[in-house]
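Me: I've got a structure open and want a quick walk through it. Can you take my questions one at a time?
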Amino acid sequence: MAYSVPPLPYAYDALEPHIDKTTMEIHHDKHHQAYVDKVNAALEGSPLADAPIEEVLRSLDQVPDAKRGAVKNNGGGHYNHTLFWDSMSAGGGGEPTGALADAISSTFGSFADFQAKLKEAGVNQFGSGWSWLVRDGSGLAVVGTPNQDNPISTGSTPLLGVDVWEHAYYLQYQNRRPDYIDAWWNVVDWGKVAERFSAAA
Ligand code: MN3
């Protein structure tokens, strides 16, 4: 079964003033759709075509050489954006609570220290990519990935990611990637991140 772009779980303008409506329309309807179309084309006829996208990203070594790059880039694009839309909400922001908050404090020192680290990885990502909070075998970590690479491919579970491709922020923030990340914290849905944290335990 071919992949499809999931509908946004909120209106295109729901994240304003932090992320503008036009950016959300183009990002969701055009960029994400293009990743889905291309990964579907690359997997057509493959035994992995019916697999969940997470499984595909864990199994890139099973993809023929000629298709591996397309599957990694566009399959990663599909997975990353699906997680991204589902990590934000109009009522987002604030700080996590419960076990996730405790894990963040014990790993990074404080929530503010964690925020600084995730922002630093995003700001310092050369060119396009993502900055992630992941759960790996030893606990929580912040990692950056280039392009549409995903921590799944290296054995970690992404809990939260911020898209630092220019298409994610350029209309509203131009070259000011740090300002975009600062604003993005206001729309993070910590309830969703906590669900992923629990599920990855
Ligand atoms: Mn994007």
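Me: Where does P17 lie?

Reply: P17 lies in the segment before α1. Keep in mind that this is a predicted model.

Me: What is the peptide bond from E16 to P17, cis or trans?

Reply: That bond is cis. Its omega is near 5 degrees.

Me: Is H27 buried or exposed? And why?

Reply: H27 counts as buried because its relative accessibility is 1%, and the cut-off for buried is under 20%. H167 is buried too, with a relative accessible area of 18%.

Me: What does H167 touch?

Reply: Leaving out residues up to four places away in sequence, H167 touches T23, H27, H31, Y35 and H81. With H31 there is a polar contact of 3.3 Å between the side chains.

Me: Now the sheet. What is the strand order?

Reply: It is β2-β1-β3, an open sheet of three strands with antiparallel pairing. β2 and β3 stand at the edges with a single partner strand each, so one side of each has no neighbour in the sheet. From one strand to the next, the twist averages 20 degrees.

Me: How many bridges join β1 to β2?

Reply: Eight bridges join them. Within the sheet, R135 stands opposite L140 in β2.

Me: Which strands does α5 touch?

Reply: α5 packs on the sheet and touches β1, β2 and β3. Its direction makes about 135 degrees with that of β1.

Me: Switching to α8. Which residues are buried there?

Reply: W190, V193, R196 and F197 are buried in α8, which covers residues 190–199. Seen down the helix axis, these buried residues fall within an arc of 120 degrees, so they line one face.

Me: Which exposed residues sit on the face turned away?

Reply: E195, S198 and A199 are the exposed residues on that face of α8.

Me: And what do the buried residues of α8 pack against?

Reply: They pack against helices α3 (65–85), α4 (98–108) and α5 (111–123). They also pack against strands β1 (129–136), β2 (139–146) and β3.

Me: What happens at the start of α8?

Reply: There, a side-chain oxygen of D189 comes to within 3.1 Å of the backbone nitrogen of G191.

Me: Backbone angles next. What is the phi of N147?

Reply: It is positive, about 55 degrees, although N147 is not a glycine. N147 is in the loop between β2 and β3. N147 is partly exposed, with a relative accessible area of 38%.

Me: And what about the phi of Q174?

Reply: Q174 has a positive phi of about 50 degrees, and Q174 is not a glycine either. Q174 is in the loop between α6 and α7 (177–184). At 29% relative accessibility, Q174 counts as partly exposed.

How values were computed: Residues numbered from 1 in each chain as written. Predicted model: local features only at pLDDT ≥ 70, side-chain atom pairs only at ≥ 80, totals over all residues. Heavy atoms only, no water. Buried < 20%, exposed > 50% of the residue type's maximum accessible area, 1.4 Å probe, protein only. Helix = DSSP H or I, 4+ residues; strand = E, 2+ residues; numbered from the N terminus. Arc of directions from axis to C-beta. Contact = heavy atoms within 4.5 Å. Polar contact = N/O pair within 3.5 Å; in protein donor to acceptor, adjacent residues only side chain to side chain. Pairing = 2+ DSSP bridges. Axes fitted to C-alpha atoms, helices over the stretch in contact; angles between N-to-C directions.
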